[in-house]
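Please keep the sequence and the 3D view open beside the points.

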Amino acid sequence: MASLITRKLDEAVKARLRVRAAQRGHSLEEEARRILTEAVADEADTASGVTLPEDVAGESTGTSIAPTLKARRVLLVIGGGIAAYKSLDLIRRLKERGAAVRVVMTEAAQQFVTPLAAGALAGQRPFTDLFSHADEFDIGHIRLARETDLIVIAPATADLMAKVAHGLAPDLAGAVLLATDKPVLMAPAMNPHMWAHAATRRNIETLRGDGVAFVGPNSGEMAERGETGRGRMAEPLEIVAAVEALLAPLRPLPLQGRRVLITSGPTHEPIDPVRYIANRSSGKQGHAIAAAAAAAGAEVTLVSGPVTVADPPGVNVVKVESAREMLAAVQSALPADVAVFAAAVADWGVEPQQQKIKKEKGGAPPQFALRENPDILSTIAHMTRGRPRLVVGFAAETNDVIANAKAKLARKGCDWIVANDVSHEGGVMGGDRNTVHLITAAGVDSWPTQSKQGVAAHLVARIASALEAKR
Ligand SMILES: Cc1cc2nc3c(=O)[nH]c(=O)nc-3n(C[C@H](O)[C@H](O)[C@H](O)COP(=O)(O)O)c2cc1C
């Protein structure tokens, strides 16, 4: 509400409000909220002697915050300015609205705030070094640049702005900003003379021309004693409002209000306390579908077998080991509008031994009688009550892919099968790309080879239009 009001304020009033907010260390919206709260509280007190509950009058004690950034990914680049401390609060504000926040810190930024503090607030380690072997193998600057919905630079120092304007990439922040194809929002913070300098003005023009969005800086007192003017970094809540505006969906998200259940990864079937039967599934495809469904506005539960891929943002993840545990987790996650069974569930397991099976010298190897595991896809697809409206199975085939998948569709009683050929050496299982055929009652739709994220986006779009048609 406050942002609507401040947006409509007369410029002169807004300027005075900004100074007042800066003097009290608040954002514009926060200051407006406080003024309004006090005014309403005063009125209520005089009119009826009623006192407002503490959480209305106070500093957001227990006020529930709308998840306006649910499942959105923000990469926050912290530059080397005194305002870096406010970026720690910004991380918290973004996260409490549901965003997943990754942090890149420049070397200078680490002089002002520690990676430990930023990491603790973000819930994951910040990235600091372009030439780190571990980081480059783990994520790498190109993935950092792309696996996000928005890059926020806060504080954007004069130096960082100059580097970006000139396409320089001497460090991780520069390389990420040059490699990205995502929108960039800068929150400049610097001394008013630096802000007014002709070089900075030129850089701002260049950056605007390159499509960079800006929030702030505000006018007010500087950290340096006695300095006032324009250069204060926008308050965290102002930056959050700019992020929300940039990421706001133009129309309702296609799976808004839908519950989607997804399984992913392999299962581990225990043999004894230390051994298990497994398969090569990495969980990349199932996790990508969960991420795409969440980004499409769905409430997603992901039942995942043991994987090393990260949990997708904005998704409720239930971790299981065996096929039996996966079935139980799936059943307790119902009801759902859609269920996508992308996990590679082991068809068979063995009766596990309570103690480690010993290798006896000269003895015969142990014999195992395989027992059939529950068929999760078939169980859910054949539910007579509470069956999800759309049940999608996956078929990993090594031969006669389409014929086998069609047979599976009929046998399992599901609505769609996503079939893929897993016969290639070093191919689909564990890889980043996938070639799939979508088999429905209407026929076979073969999609071109693409990234697993691409397959996920296509599938989610098909799910959304099928649900819309069923409506
Ligand atoms: C105490 C102190 C405060 C500083 N504050 C700012 C600032 O607010 N904005 C800015 O542009 N530079 C500021 N600087 C200068 C930057 O730290 C310096 O230009 C640095 O190279 C910027 O690194 P970056 O590109 O990683 O942000 C400050 C330097 C010091 C020593």
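**Notes on the model**

1. By class, the shell around the ligand holds ten nonpolar, five polar and one charged residues; here Ala, Val, Leu, Ile, Met, Phe, Trp, Tyr, Cys and Pro count as nonpolar, Asp, Glu, Lys and Arg as charged, and the others, Gly among them, as polar. Of the 16 residues around the ligand, the nearest are G79, G81, T106, A108 and T157, where a residue is near a molecule or strand if its C-beta atom, placed from the backbone, lies within 6 Å of it. Helix 9 (residues 158-165) gives the largest share of this shell, three residues.

2. Please bear in mind that this is a predicted model, in which local features need pLDDT of at least 70 and side-chain atom pairs count only at pLDDT 80 or more, while totals for chains, interfaces and linings use all residues. Residues are numbered from 1 along each chain as its sequence is written.

3. The protein chain has 18 helices and 21 strands; helices (H or I, at least four residues) and strands (E, at least two) are DSSP runs, numbered from the N terminus. Buried residues make up 40% of the 471 residues in the chain, and a residue is buried if 20 or more other C-beta atoms lie within 10 Å of its own, exposed if 12 or fewer, and partly exposed in between, with C-beta atoms placed from the backbone. Among contacts between residues at least 6 apart in sequence, 69% join residues at least 24 apart, a contact being a pair whose C-beta atoms, placed from the backbone, lie within 7 Å.

4. Helix 9 is mostly covered, with six of its eight residues buried, namely A158, L160, M161, K163, V164 and A165. What covers these buried residues includes strand 3, helix 10 (172-179), strand 4 (184-188), helix 11 (192-196) and helix 12. Just after helix 9, G167 takes a positive phi of about 65 degrees.

5. Two packed helices are described by the angle between their axes and the distance between the axes. The axes of helix 9 and helix 12 (residues 198-209) come within 9 Å and cross at roughly 50 degrees, where axes are lines fitted to C-alpha atoms, for helices over the stretch in contact, and angles run from 0 to 180 degrees between N-to-C directions. That makes helix 9 oblique to helix 12, as angles under 35 degrees count as roughly parallel, over 145 as roughly antiparallel, 65 to 115 as roughly perpendicular and the rest as oblique. The crossing is left-handed, a term used if the near helix is turned anticlockwise from the far one by less than a right angle, with right-handed used if clockwise. A158, M161, A162, V164 and A165 of helix 9 make the contact with A199, T200, N203, T206 and L207 of helix 12, and these residues divide into seven nonpolar, three polar and no charged.

6. How do helix 5 and helix 6 cross, left-handed or right-handed? The axes of helix 5 (residues 84-96) and helix 6 (residues 115-122) come within 9 Å and cross at roughly 15 degrees, and the two helices are therefore roughly parallel to each other. Their crossing is right-handed. The contact is made by L88, I91 and R92 of helix 5 and A117, A118, L121 and A122 of helix 6, which divide into six nonpolar, no polar and one charged.

7. Most residues other than glycine have a negative phi, and most peptide bonds are trans. The bond from A154 to P155 is cis, with omega near -5 degrees, and P155 lies in strand 3 (residues 150-156). A154 also lies in strand 3 and counts as buried, with 27 C-beta neighbours inside 10 Å. The residues that A154 touches, leaving out those up to four places away in sequence, are L76, I78, S87, L90, A187, M233 and I239.

8. A71, although not a glycine, has a positive phi of about 65 degrees, and A71 is buried, with 24 other C-beta atoms within 10 Å. D400, also not a glycine, has a positive phi of about 40 degrees, but D400 counts as exposed, with 11 C-beta neighbours inside 10 Å.

Note on methods:
Two residues are in contact if their C-beta atoms, placed from the backbone, lie within 7 Å.
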